[in-house]
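Open the model in your viewer and keep the selection tool at hand. Each stop below tells you what to select and what to look for there.

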Amino acid sequence: MNTPRLVIAAPSSGSGKTTVATGLMAAFAGRGLAVSPHKVGPDYIDPGYHTLATGRPGRNLDAYMCGPDRVAPLFAHGAAGCDLAVVEGVMGLYDGASGQGELASTAQVAKLLRAPVVLVVDASSQSRSVAALVHGFASWDPQVRLGGVILNKVGSQRHEALLRDALEESGLPVLGVLHRAEQVAVPSRHLGLVPVAERRGDAVGAVAAMREQVVAGCDLEALMALARSAPPLPLPGEVWDAAEAIGGCGGPVPLSDPVGAPVVAVASGAAFTFSYAEHTELLTAAGAEVVPFDPLRDEALPEGTRGLVVGGGFPEVYAGELSANAALRKAVAGLAESGAPVSAECAGLLYLARSLDGLPMCGVLDAEARMSKRLTLGYREAVAVSDSVLAAPGTRVRGHEFHRTVLEPGAGADPAWGMHQPERRVEGYVQRGVHASYLHTHWAAAPGMARRFVERCGE
């Protein structure tokens, strides 16, 4: 595989990676190129902007949750048939999973993809020092190929000249200069950027502004030449394929029953935006008919629903509207009571609780949820404690938590997971066909979870 590719990195968070990466995606897509968008790490929100910029699913590359060996195959799956792939990094270039060296860092992913790196530097408070900063990042790991620099938040023409002069001795080309532009700002709240689904019109405008700034300030020809300089990508395991992944965890997929593929309803809309593209692909490969629905608008589950997936998102922002949709809450409770498979992660866990911030939810779980000032964020190692529609006891997974809410109690009589780090605890609920937990997982690393879920839907 020899797809041209770039990794957009930075010395630290807040330097402008999302602006540059999304702007580049939109700029090249605007030239008629098929651009494959990717994001390092578990982030669900940035890929939404990437999708808006390219018209293709934003995909995550997470070496912690999926393992380093799956990074290149998952990349190749997403980039197949594309003219260019742009990978937005996470945090600082060399920042990875806490206490585990380079694991899950942008640098590690760049090396696994044999991709050149463009360093986005916030130059707003420096001039000559930028050369020392760039030199340090370029020389820290000789296996990371730093191909150029894009200067962000530059204040004036004189400021730009000072920065360019300082970088002349570094040997790294300046591939772009972006001056301060308020219209590119994207609003944030307690878990990061506001998702595209919540501000569709404004998000379109923001992506257009990013594109315009990148087109005006970056050398697109030089960036494309750098992307094309990436060597062919050797693929351990070749290209990831959902059908092969499902078939590799239990033999041939059972034939669907006479009434056809079981309908798996997947929550979507503004309140439930956190999802990995591969999850739907795995459910489909396992034999399901995946049908999205919006718990804010739809008063009934899709016709024929035999399984329900409610992923992450921001139910706390829409608690009033979710609570007001009593007909759907009753339908969800009835489906769970029937024993049908239900998978709920984070936001889904809150939606199944008795209440959220005092407002009635589905009442499937005997628990109360509320907003908290404390951010719970980080990678987790977990083992399945109870037999469920997703996993047999003893199944080990890696995932992450990302929320500012508290559920009381945090675990049911039959917990979902036993957490191994950062502290030992049990968490989540398994009851009848329900598996509900704060833990976000990536099913590409555990395709057996998708297969097991669909098989239970067919029983």
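Start with helix 4 and select T106, A107, Q108, V109, A110 and L113: these are its buried residues. Buried means under 20% relative accessible area, exposed over 50% and partly exposed in between, with a 1.4 Å probe and protein chains only. Six of the eight residues of helix 4 are buried, so call this helix mostly covered. Helices (H or I, at least four residues) and strands (E, at least two) are DSSP runs, numbered from the N terminus.

This is a predicted model, where local features need pLDDT of at least 70 and side-chain atom pairs count only at pLDDT 80 or more, while totals for chains, interfaces and linings use all residues. Residues are numbered from 1 along each chain as its sequence is written, and side-chain values use heavy atoms, with hydrogens and water left out.

What covers the buried residues of helix 4? The cover includes strand 1, strand 2, strand 3 (59–61), helix 3, strand 4 and strand 5 (117–122). Step past the end of helix 4 to R114, whose phi is positive, near 50°.

**Next: helix 3 against helix 4**

Select residues 68–79 for helix 3 and 106–113 for helix 4. Their axes come within 9 Å and cross at roughly 60°. Axes are lines fitted to C-alpha atoms, for helices over the stretch in contact, and angles run from 0 to 180 degrees between N-to-C directions. The angle makes helix 3 oblique to helix 4. For such labels, angles under 35 degrees count as roughly parallel, over 145 as roughly antiparallel, 65 to 115 as roughly perpendicular and the rest as oblique.

Now show side chains. Helix 3 brings P68, V71, A72 and F75 to the contact, and helix 4 brings Q108, V109, L112 and L113. Contact means heavy atoms within 4.5 Å. An α-helix has 3.6 residues a turn, so residues three or four places apart point the same way.

Seven strands form an open sheet here, in the order 3-2-4-1-5-6-7, with parallel pairing. Two strands pair if DSSP finds at least two bridges between them. Strand 3 and strand 7 (174–179) are the edge strands, and each pairs on one side only. From one strand to the next, the twist averages 25°.

Select strand 4, residues 84–88: five of its five residues are buried. L84, V86 and E88 point one way, and A85 and V87 the other way. Strand 1 (residues 5–9) pairs with strand 4 over four bridges, in the parallel sense. Pick I8 there, and find E88 of strand 4 opposite. Strand 2 (residues 35–40) also runs parallel to strand 4, over five bridges.

Which residue of strand 4 stands opposite H38? V87 does. H38 also stands opposite R59 in strand 3. Three bridges join strand 2 to strand 3.

Select V263 and look for E289, its bridge partner in strand 11.
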